[in-house]
Amino acid sequence: MVPAGYIHLGHLDAIVKDASALLGPEVLHVAYRIRPDSTDEPSIFFRILLADAAVQEDTIVDVTRRIADVLLEAVRPLEDWGLRAYFNYRSKSEQDRHKDPDFE
Amino acid sequence: MAYHDDLLRQALELVHTVPPSQVALRRGVSAAYYAAFHFLISEATSNWENISLRTALGRAYEHGVMKTASNRIVDTRRFPFAGEDETVVNSLRFVGRTFSELQEAREFADYNLTKDLGSAGALAQVRSAEEIFNTWPSIRAQQIAQAYLVSLLVKRA
């Protein structure tokens, strides 16, 4: 595990990019930020931009769970980087209406 | 109907409010977290034989301790769960990860007004809370699931 404060951002960025390539076409973009969570633990906040068709009532849990599983397995935030992982999602149309820089 | 069931139903109603509003989405995410919070406490305290004291015992649970315990089981290096059924382990990790994520989402929903809470994100959080309810019965009888419930109360692992 990399001690908090000694994260090689270039290395992490390459791993996240590689992991993002494993995701399906419903994922339009994967962004992330590293910062403490609400309990001051070092964390990585993934921001996933989804195609509108992926944001369906009956499938949203499966879609988001699959995305999180892929990223967790590939990036291993807690095991290799000492980072708690959090995921948030936004649809393309939402992002078009109200730009959130965290998702870009 | 149990309190946590009412909270989950309220969360679902709130994220489906038409037209959507920030107050409804934020209260929906907050209610979803508290639904999961009270659901897990209810599951844990149901092991206490004296039924009339279960709600009093539930007062001992703390958000921070529950979050730490939930994050702990996500760590595959510290908690490999060797020899356990992979499906059970994956379900348990999902519960822990989702609980932790819901707590963080509630923090944003209740306190952070610097940017809007999106409806897709809110829906995903509320449906994930519902999935904890759906997943738990399949692992409830497993020792690692019961150990997780105990860990939610223990300040030092």
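Because the model is predicted, local features need pLDDT of at least 70 and side-chain atom pairs count only at pLDDT 80 or more, while totals for chains, interfaces and linings use all residues. Residues are numbered from 1 along each chain as its sequence is written, and chains are lettered from A and ligands numbered from 1 in the order in which they are written.

The C-alpha trace of chain A spans about 40 × 25 × 25 Å along its principal axes. A compact globule of 104 residues would have a radius of gyration near 13 Å, and the 14 Å of chain A agrees with this; the radius is taken over C-alpha atoms, and the globule rule is 2.2 Å times the number of residues to the power 0.38. In chain A, 35% of the 104 residues count as buried. A residue is buried if 20 or more other C-beta atoms, placed from the backbone, lie within 10 Å of its own, exposed if 12 or fewer, and partly exposed in between.

Within chain A, helix α1 (residues 9–20) packs against helix α2 (residues 60–75) at an angle of about 140°, with the axes 9 Å apart. Axes are lines fitted to C-alpha atoms, for helices over the stretch in contact, and angles run from 0 to 180 degrees between N-to-C directions. The angle makes α1(A) oblique to α2(A); angles under 35 degrees count as roughly parallel, over 145 as roughly antiparallel, 65 to 115 as roughly perpendicular and the rest as oblique. Here A:Ile15, A:Val16, A:Asp18 and A:Ala19 of α1(A) meet A:Val70, A:Leu71, A:Ala74 and A:Val75 of α2(A), contact meaning that C-beta atoms, placed from the backbone, lie within 7 Å.

The C-alpha trace of chain B spans about 50 × 40 × 25 Å along its principal axes, and buried residues make up 45% of the 157 residues.

One helix pair in chain B is α2 (residues 22–45) with α6 (residues 119–139), whose axes come within 9 Å and cross at roughly 15°. That angle makes α2(B) roughly parallel to α6(B). Among the residues that meet are B:Ala32, B:Phe39 and B:Glu43 of α2(B), and B:Ala129, B:Phe133 and B:Trp136 of α6(B).

Finally, the two chains come together: 22 residues of chain B are in contact with 21 residues of chain A. On the chain B side, α4, α5 and α6 each give two or more residues, and α6(B) gives the most, with 8 residues. Helix α4 (residues 63–72) of chain B has buried residues, including B:Met66, B:Thr68 and B:Asn71. Their cover includes β3 (84–91) of chain A, together with α5 (86–111) and α7 (143–151) of chain B.

Methods. Helices (H or I, at least four residues) and strands (E, at least two) are DSSP runs, numbered from the N terminus.
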